[in-house]
Amino acid sequence: MKRTTLSLIAGATALAAVTGFAALTVPEGTAAPEATKATTRLPVERVGLACPVPSSSEVAETVYTSYTPAGTDTGKTPGADKGKGNDKAEKPTALLKPATGATASDGTGKKPPAPRAPATVTTPGKPVTAEANGASVPALTGSATGALAPGWTVQQTTVVPAGGSRGLLGLTCGAPDTDFWFPAASTAKARHDYVHLTNPDDTAAVADITLYGPEGVLKSQFTEGIPVPAHSTVPVLLSTLTHEAAQRDVTVHVTTRSGRVGAAVGVADDKLGSDWLSASADPSGSVVLPGIPADATSVRLVVFAPGQDDADLKVKLSTANGAIVPAGAGTLHVKSGMTTSIDLPDLTRGSAASLFLGPENAKRLVPVVAALQVVRGKGEKSEIAFIPAAGPISARATVADNRAKASTLSLTAPDADAQVKITASAGSGAGTPVSKTVTVRAGTTTALTDLVPQGLKGSYALTVEPVSGGKVHAARTLAVPQDGVPMFTVQTLTDDRGTVEVPSARQDLGVLD
């Protein structure tokens, strides 16, 4: 009996390290063995990502940057590295490949050509880049294993210099999941918003899409049971899903009834350019939207309450000097099931900032999702980007494709002073990593522009690790001006979940005799 129990615990430990999930159960009324009362953290041993089709423009120029941070112990679990008749560990990999079921985004329906030299990481701590240009670039899916899995991230950055989809489009390729919220989408005539559903798995997925406008659910068609074949991507134009009048602000809810997908919303505005809208953090009673650029000329907040209750929220602006109440926007009432939005003019006034949303009544927490639509520039020289609500960084988070004099890292601590370690990796071409420790005071936003690897050539990654104190939220702004247009994109940093807590098998199991 002892031997069987040990095998179960070892197996669950290995499963958790590979997938991030494991559970042990005992018969009802039976005391749990001591081994389940102690836990340990192990690095994950496999992660997957999905990158959507970057653009439908013939002049699009896309760079993929793949990176695994250094410093995570590989950690071994019983039998995790061994196959039948093979005592050697498998060679770790981190590779992106074209979605085999994808078709070209140029409308021909043909299979797209494989991109040149997909970015393949071979060593933690050094980013790898690859270029892919034009409208025929496919969606990519991939996975990282072994020592390259913990914290693996891929940044997809596209420049479209001209045309209706002109802009700088940035996206951190996402892990597949079953539930996504996208506030700040639109079905307006000037907007062309596509939900991209990418299936990285070997089995088909089936997805549902629900649209919510200012008056509630939009009457939709063709939104249920959308098939997403294995290793394929399906773009869905939002405006074709409903016959209701065009809505400036729409919240999109993507769920799967079977399988998993990666999901992101590609936005193109006739006047304001284009960018990706990533999913909001999970619904929460308190929301943080970090990294509003100091020179933002327009900020629009979009909030949605998915539950049965209305939400009454306090709105605070976090600046370098502390949290203040935005003029005329100190509170916000959000009706259940309805998308609510508000313009916040002259918000930042030359200082990088973040937005805090919290309950007016601390004893009445109503979960919400939120996002910001941010514009830099004016008139024909305007550019759009989006900042979804971001969760706190619990252990570590990384953003790749940073560039000298073009990247700004914003950190905010909504509740208490926090100390974080920030590391700029080696460059993709050359450079020596550098680190620094930063203290972020409660209620403030700290913007960093000067942390760059020594002797940098190419791009680099930034990794944030909490050291002590309160919760920290972060975002990176990448600004690449072109022909007088202040092109930019903002990516929030998400905890990389590079380790997972699993039951420890080192306790006395004598209770199972």
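**Salt bridges in the predicted model**

R191 and D193 are both buried, where buried denotes under 20% relative accessible area, exposed over 50%, and partly exposed the range in between (1.4 Å probe, protein chains only). The structure is a predicted model, in which local features require pLDDT of at least 70 and side-chain atom pairs count only at pLDDT 80 or more, whereas totals for chains, interfaces and linings use all residues. Residues are numbered from 1 along each chain as its sequence is written, and side-chain values use heavy atoms, with hydrogens and water left out.

A search of the whole structure returns ten salt bridges, each defined as a side-chain nitrogen of Lys or Arg within 4 Å of a carboxyl oxygen of Asp or Glu. Among them, the side chains of R191 and D193 are joined at an N to O distance of 2.8 Å.

A further salt bridge connects the side chains of R257 and D208 at 3.0 Å, N to O. This pair links distant parts of the chain, with R257 in strand β15 (residues 250-258) and D208 in strand β11 (residues 205-213), 49 residues apart; strands (E, at least two residues) are DSSP runs numbered from the N terminus. R257 counts as exposed because its relative accessibility is 54%, whereas D208, at 14%, counts as buried.

In the salt bridge between D343 and R300, the closest N and O atoms are 2.9 Å apart. Because D343 lies in strand β23 (residues 339-343) and R300 in strand β19 (residues 296-304), the pair ties together parts that are 43 residues apart in sequence. D343 is partly exposed at 40% relative accessibility, and R300 is buried at 9%. Through salt bridges that share partners, R248, D249, R300 and D343 form one network.

Technical notes
Helices (H or I, at least four residues) and strands (E, at least two) are DSSP runs, numbered from the N terminus.
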